[in-house]
Structure formats: C-alpha cells, structure tokens
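Here is a short briefing on how the chains of this assembly meet. Have the viewer open as you read, and follow the two interfaces one after the other.

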Protein chains: 4
Amino acid sequence: MNNNFIKKAKSIKVVATDIDGVWTDSGMYYTASGEKMKCFSTYDGMGVQLLRELGIPTIILTSENSEIVLRRAEKLQIKNVYINEKEKLRRMIEVCRELDVSMNEVAYIGDDINDLSLLEKVGLSAMPPNSPARHLFSPDYLTEKSGGHGAFREFIDQIIEVKNTN
Amino acid sequence: MNNNFIKKAKSIKVVATDIDGVWTDSGMYYTASGEKMKCFSTYDGMGVQLLRELGIPTIILTSENSEIVLRRAEKLQIKNVYINEKEKLRRMIEVCRELDVSMNEVAYIGDDINDLSLLEKVGLSAMPPNSPARHLFSPDYLTEKSGGHGAFREFIDQIIEVKNTN
Amino acid sequence: MNNNFIKKAKSIKVVATDIDGVWTDSGMYYTASGEKMKCFSTYDGMGVQLLRELGIPTIILTSENSEIVLRRAEKLQIKNVYINEKEKLRRMIEVCRELDVSMNEVAYIGDDINDLSLLEKVGLSAMPPNSPARHLFSPDYLTEKSGGHGAFREFIDQIIEVKNTN
Amino acid sequence: MNNNFIKKAKSIKVVATDIDGVWTDSGMYYTASGEKMKCFSTYDGMGVQLLRELGIPTIILTSENSEIVLRRAEKLQIKNVYINEKEKLRRMIEVCRELDVSMNEVAYIGDDINDLSLLEKVGLSAMPPNSPARHLFSPDYLTEKSGGHGAFREFIDQIIEVKNTN
C-alpha cells in the first residue's frame with residue numbers, strides 16, 4: 001500500500017462496484033432459455049458486511065438488466081442497486097447528492113470500458129487483473145485476486161486496513 | 001502486434017468465431033437430461049458490440065446443435081448464426097458471397113481440428129492458448145486470454161486498435 | 001511435513017471443516033431465485049471416506065444456512081453438520097463434549113475471519129491458499145490445492161500419512 | 001514422448017477412462033436436491049470421436065452412480081459405460097474378455113486411489129496433474145492439461161500420433 005492509496009482511502013465514505021468481471025469472473029451461464037446464473041464469491045459478501053460495520057454503504061452499478069444481481073444484493077442487504085444502468089457516472093453523481101457525499105469520498109472498482117468515465121472521477125479507483133481495459137486506465141489499486149475470486153474483498157480489506165490504522 | 005498482423009487486420013470486414021473453447025473454456029454443463037448450460041464471457045459480448053459500432057458483423061460457426069448458442073446470439077443481436085455446421089469452410093464461402101466480401105476480409109478464431117481448414121483460408125486467423133490443435137497450425141494471432149475468459153475480445157481489441165490507428 | 005505437524009496430527013481424533021472457500025472455491029451460483037448451487041470436489045468426498053475408515057468423524061461448520069450443504073453431507077454420510085452456525089468455536093466446544101474429545105484432538109480447516117477463533121484453539125489448523133485471512137493467522141498447514149479443488153483432501157492425506165506411519 | 005510410451009501405445013486397442021477428475025476438474029455441482037451437474041470438455045468428446053475413426057472404442061468406468069455420465073456417453077455414442085462400478089479392475093478384466101483384447105492392449109486414465117489397481121495392470125497408464133494419488137503411482141504418461149480441461153484428449157492425441165506414425 002503506497003502513500004497515495006492511504007491518503008485517498010482515508011476519505012472514503014461510500015464504496016461502489018461493478019458486477020460482471022468484478023463480482024464474477026465475467027462468466028454468464030446460459031441455458032436454452034437465456035442467462036440463468038452468475039457465480040459470486042462469498043469473500044465479496046463478507047466484504048460488504050465488513051464495510052457495513054464501519055458505516056460504509058456498498059452501491060451496485062451494472063449495465064446488465066439482471067434479476068440475478070437483485071437476489072445477491074438482497075442477500076447482502078444492499079439498498080442502492082442500479083441494474084440496467086447505461087450511464088454509471090451520471091448515476092453516481094446523483095447517488096452522491098442523495099447520500100450527501102462528494103465524488104472524492106467514493107471508491108469504485110470496475111473492469112471494462114463502460115466503467116472508465118466513473119473510474120476517472122472517483123476518489124479511489126480499482127480494477128481486477130482480468131480487466132480488458134487495463135491498457136486504457138491506471139487505477140489507484142490493481143487487485144491481485146481476479147474478478148469472482150475475491151477482487152472486491154481484497155480492495156475492501158485494503159480500505160479497511162487504512163481506516164483501522166487511522 | 002507485428003506488421004503482418006497490422007497489414008492483414010486493416011482489410012478485415014467480417015469477424016467469424018467458433019463457440020466451444022473460444023467463447024467458452026470448452027466446458028459443457030450436463031444434467032441428467034443432457035447438456036444444460038454453457039458459460040460465456042461478458043467481455044466477448046462487449047467485443048461484438050464494439051465491432052458493430054465499426055460496422056463489422058460477427059458471425060458464429062459451431063458444429064454443435066445448440067439452442068444455448070442461439071440465446072447468446074439473440075442477446076448480442078448477431079444475425080449470422082450457424083449451429084450444427086459440419087462444414088465451416090464451405091459455409092463461410094457461402095456467407096462471403098452473401099455479404100459480398102472476400103475470404104481475405106474475414107477474421108476467424110477457432111480452436112480445434114474442425115476449424116483448421118477455415119483458419120487456413122481466412123485473411124486473419126487466431127487461436128486461444130487452450131487449443132488442442134496448436135501443434136497443427138500457426139495462427140496470425142495466439143491470444144493470451146483463454147477461451148471463455150476473453151480470448152475473442154482480446155482478438156477483437158487488437159483488430160480495432162489497427163482500425164483506429166488507420 | 002515438519003515435526004510440529006507430525007506431533008500434532010498424531011493426536012487428532014476428529015476433523016472439522018468450513019464449507020465455502022474450503023470445500024468450494026468460494027463460488028455461490030445464483031439464479032433469479034437466489035443461491036442455487038455450490039460446486040464441491042469429489043476429492044474431498046474421498047477424504048471423508050478415508051477418515052471414516054480410520055474411525056475419524058468429519059464435522060461440518062458453516063455460517064451459511066444452506067440446504068445444498070445438507071445434501072452433500074447426506075451423500076457423504078456425515079452426521080455432525082451445523083449450518084447457519086454463527087459461533088463456530090462455541091459449537092465446537094459443545095461437540096467436543098458430546099464426542100468426549102479435547103480441543104487438542106480436533107483438526108480444523110477454515111479460510112475467513114469467522115474461522116479464526118476456532119482455528120486458534122484447535123490442535124491442528126489448516127487454511128487454503130485462497131484464504132482472505134492469510135495475513136491474520138499462521139495455520140499449522142497451508143494447503144497447496146485451493147478450496148474446491150482438493151484443499152480438504154490434501155489436509156486429510158497429510159493427517160492420514162502421519163497416522164499410518166505411527 | 002519417450003520410447004516406452006511409443007512402444008506401449010502401438011499395442012493399444014481399447015481406451016478406458018475414469019470420469020470425475022479426468023473428464024471433469026473433480027467438481028460436482030449440487031443444488032438443494034443433490035448432485036445436479038457435471039462439467040465436461042468438448043475436447044474430450046472430440047477425442048472419443050478420433051478414437052472411433054481408428055476403430056478404438058472408449059470405455060467409461062466410474063464409481064459414481066450418475067445419470068449425468070450416461071447422458072454424456074449417449075451424446076458421444078459410447079456403448080461400454082459402467083457407472084456405480086466399485087471394482088474397476090475386475091470389470092475391465094471382464095470387458096477385455098468380451099472384446100477379446102488383453103490387458104496390455106488397454107490404455108487407462110484415472111486419478112484417485114480407487115483407480116490404482118487398474119492403472120497398475122493396463123498396457124498404458126495416464127494420470128492428470130490434479131490427481132491426489134500422484135505420489136502413489138507413476139503413470140506412463142502424466143498429462144499437462146488438467147481434468148475437465150482436455151486431459152483425456154491430450155492422452156488420446158498422444159496415442160493417435162503414435163498410431164499414425166506407425
């Protein structure tokens with residue numbers, strides 16, 4: 001963890017996250033009826049809980065119109081869930097207003113080109129190593145764990161460590 | 001990216017792709033009723049969309065008679081989908097005639113022995129590293145990402161980079 | 001295998017295990033109806049059987065309220081299965097009393113922060129390499145195989161080797 | 001490929017295979033109703049077809065009582081399928097008699113301790129690298145690809161290469 005990360009992480013009051021490629025390994029399980037399943041990690045679920053204990057809400061922003069994501073969010077008691085969201089930056093600006101936080105107080109982890117405009121604006125940005133947009137953006141933190149295998153949790157653990165040594 | 005790739009990619013007007021082992025990691029999920037699921041990557045879906053924005057259609061050629069593939073193609077609004085296709089080269093020649101393009105303007109990514117005759121004839125060829133036919137053919141591009149984990153997208157990103165620096 | 005492991009393994013009469021991240025790779029397969037599947041390894045199933053042949057029972061302790069785990073336990077004829085268990089240490093103390101063994105005679109493999117208090121107290125502790133709590137605890141044995149890919153079996157094989165060379 | 005392999009492979013008239021850990025990565029997908037799915041590889045399916053073209057039948061031997069395996073075998077038109085088979089060596093001896101081949105003309109790939117007695121007796125033996133029994137037996141061929149990701153196909157490709165250069 002470098003000083004840049006520590007300084008930025010101290011200000012974080014909200015954590016937002018993409019789903020496919022971050023909470024999953026980008027896999028979409030299709031049957032003859034269309035998309036049926038996504039595979040999430042219990043590690044990320046624990047990350048949401050650890051954030052909650054620090055009073056930090058988790059916000060989901062995904063461009064997919066997925067019922068599956070709603071079920072995962074319910075299980076983890078996440079209130080701010082935006083599916084079918086084509087303009088993530090615009091949505092995040094709106095959410096910031098509602099929650100009365102600034103963009104500098106938001107951490108975001110995303111992995112593809114439709115995440116870039118938001119990644120550029122938040123206070124603390126992260127990407128998983130499997131991201132196809134890695135050559136287009138340098139995040140504050142590149143996770144070692146890949147999407148669906150604890151990338152989100154790793155990012156959260158780093159933030160929490162900073163918060164706890166404060 | 002070497003000069004050979006750049007030169008060949010400049011001419012591409014159509015991208016064709018195999019499914020199993022390219023859009024999947026070769027996995028076929030069976031229940032007691034037979035094949036039930038395939039796992040696709042959202043990265044490849046974004047690749048299809050990026051091609052469309054450049055006016056380049058994606059064509060699916062698979063020897064499997066799979067309803068699952070039809071659902072994925074519908075989601076991605078792909079029109080030219082050939083399932084249960086035992087003669088991929090012959091089919092591609094026919095599609096070229098319909099679309100009024102030459103074989104030199106076709107890019108194809110495939111991974112097994114039934115892809116070889118087509119891989120040898122297209123303008124730009126690719127294989128994922130998990131291919132069991134790697135010792136039988138040297139494609140213009142060997143992807144770093146494996147099938148089902150963004151191999152198709154990586155190939156598409158390379159083609160698009162060439163197109164955009166044109 | 002070092003002397004510390006050998007000495008501790010000799011005393012083991014009971015093996016307890018976490019599920020998510022140990023018997024699985026932490027993956028939770030969700031459909032539009034919620035969690036639907038977990039993926040277990042046949043290698044771990046064989047581990048349970050090998051322990052039984054030595055008269056060592058396997059005990060499952062998971063904080064998840066999962067029917068799926070009950071089915072896996074039934075298949076493997078495991079009697080002591082505790083799902084929805086928020087206090088694993090307390091439960092294990094109770095089970096020790098029932099089975100008339102001491103905590104020093106218990107081996108436990110777990111991977112997350114809710115496993116730490118139990119891991120610290122048992123006679124022989126293990127973690128899989130994918131554990132997000134690795135920086136918080138040094139187990140007696142860190143498996144090479146990751147969760148869901150034979151981590152439990154590897155731990156069991158080590159214990160059995162010690163038992164058999166006794 | 002060493003001389004030992006070449007010499008032994010020349011005699012092979014029948015290929016037998018285990019399923020879990022060889023045709024799969026050892027994963028068993030459970031729902032609240034029990035085991036629901038296995039994930040096979042299309043590469044192994046092509047391997048069965050390539051063997052058939054050389055007049056070599058594929059034989060399935062699994063200790064699991066699995067309908068799922070029957071569906072995969074039907075798809076691949078495999079006639080000799082033995083599920084719920086607790087004594088693989090005894091069964092193989094019987095099959096050899098039926099097919100009028102000797103044990104030296106049988107190739108077998110398996111990965112766990114219940115495969116060892118058969119692995120020791122066949123003319124050509126193989127194991128995938130994920131095998132938990134690797135320290136107990138040295139097969140004629142250790143595949144590079146792991147179970148469920150083309151291990152069987154790789155073994156078959158090696159045998160076919162020997163046959164074709166004969």
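**Two interfaces between chains**

In this predicted model, chain C places 22 residues in contact with 20 residues of chain A. A second contact takes 20 residues from chain D and 22 residues from chain B. The points below go through each interface, then turn to how chains D and B are related.

**Chain C with chain A: area and composition**

- About 1,800 Å² is buried between chain C and chain A, and carbon and sulfur atoms give 57% of that area.
- Three residues stand out on the chain C side: C:S26, C:Y29 and C:Y30 supply 34% of the area that chain C buries against chain A, more than any other three residues.
- On the polar side of the picture, the rule finds eleven residue pairs in polar contact across the interface of chain C and chain A, both residues being at pLDDT 80 or more.
- In chain C, the elements that give two or more residues to the side touching chain A are β2 (27-31) and β3 (34-41).
- The largest share of that side comes from β2(C), with five residues.
- Sorted by class, the side of chain C that touches chain A holds seven nonpolar, nine polar and six charged residues.

**Chain C with chain A: specific pairings**

- Two salt bridges are found across the interface of chain C and chain A.
- A:R153 forms a salt bridge with C:D112, and their closest N and O atoms are 2.7 Å apart.
- Strand β3 (residues 34-41) of chain A runs antiparallel to β2(C), and four bridges join the two strands.

**Chain D with chain B: area and composition**

- The area buried between chain D and chain B is about 1,800 Å², with 57% given by carbon and sulfur atoms.
- On the chain D side, D:M37, D:T42 and D:Y43 supply 30% of the area that chain D buries against chain B, more than any other three residues.
- Eleven residue pairs are in polar contact between chain D and chain B, both residues being at pLDDT 80 or more.
- The elements of chain D that give two or more residues to the side touching chain B are β3 (34-41), α2 (42-53), α3 (67-75) and α6 (151-164).
- Of these, β3(D) gives the most to that side, with six residues.
- The residues of the side of chain D that touches chain B divide into eight nonpolar, three polar and nine charged.

**Chain D with chain B: specific pairings**

- The rule finds two salt bridges across the interface of chain D and chain B.
- D:K75 forms a salt bridge with B:E64, where the closest N and O atoms are 3.0 Å apart.
- β3(D) pairs with strand β2 (residues 27-31) of chain B in the antiparallel sense, over four bridges.
- Within this pairing, B:M28 stands opposite D:F40 in β3(D).

**How chains D and B are related**

- Which rotation superposes chain D on chain B? A rotation of 90° does, with 0.0 Å of shift along its axis and an RMSD of 0.0 Å.
- That is the relation of a four-fold axis.
- The two copies use different surfaces, as 15% of the contact residues of chain D recur in chain B.

Notes:
Residues are numbered from 1 along each chain as its sequence is written. Chains are lettered from A and ligands numbered from 1 in the order in which they are written. This is a predicted model: local features need pLDDT of at least 70, side-chain atom pairs count only at pLDDT 80 or more; totals for chains, interfaces and linings use all residues. Side-chain values use heavy atoms; hydrogens and water are left out. Contact means heavy atoms within 4.5 Å. Buried area is the accessible area (1.4 Å probe) that two parts lose on being put together, summed over both. A salt bridge is a side-chain nitrogen of Lys or Arg within 4 Å of a carboxyl oxygen of Asp or Glu. A polar contact is a pair of N or O atoms within 3.5 Å; within protein, one must be able to donate a hydrogen and the other to accept it, and residues adjacent in sequence count only if both atoms are side-chain atoms. Ala, Val, Leu, Ile, Met, Phe, Trp, Tyr, Cys and Pro count as nonpolar, Asp, Glu, Lys and Arg as charged, and the others, Gly among them, as polar. Two strands pair if DSSP finds at least two bridges between them. Copies are superposed by least squares on the C-alpha atoms of residues with pLDDT of at least 70 in both.
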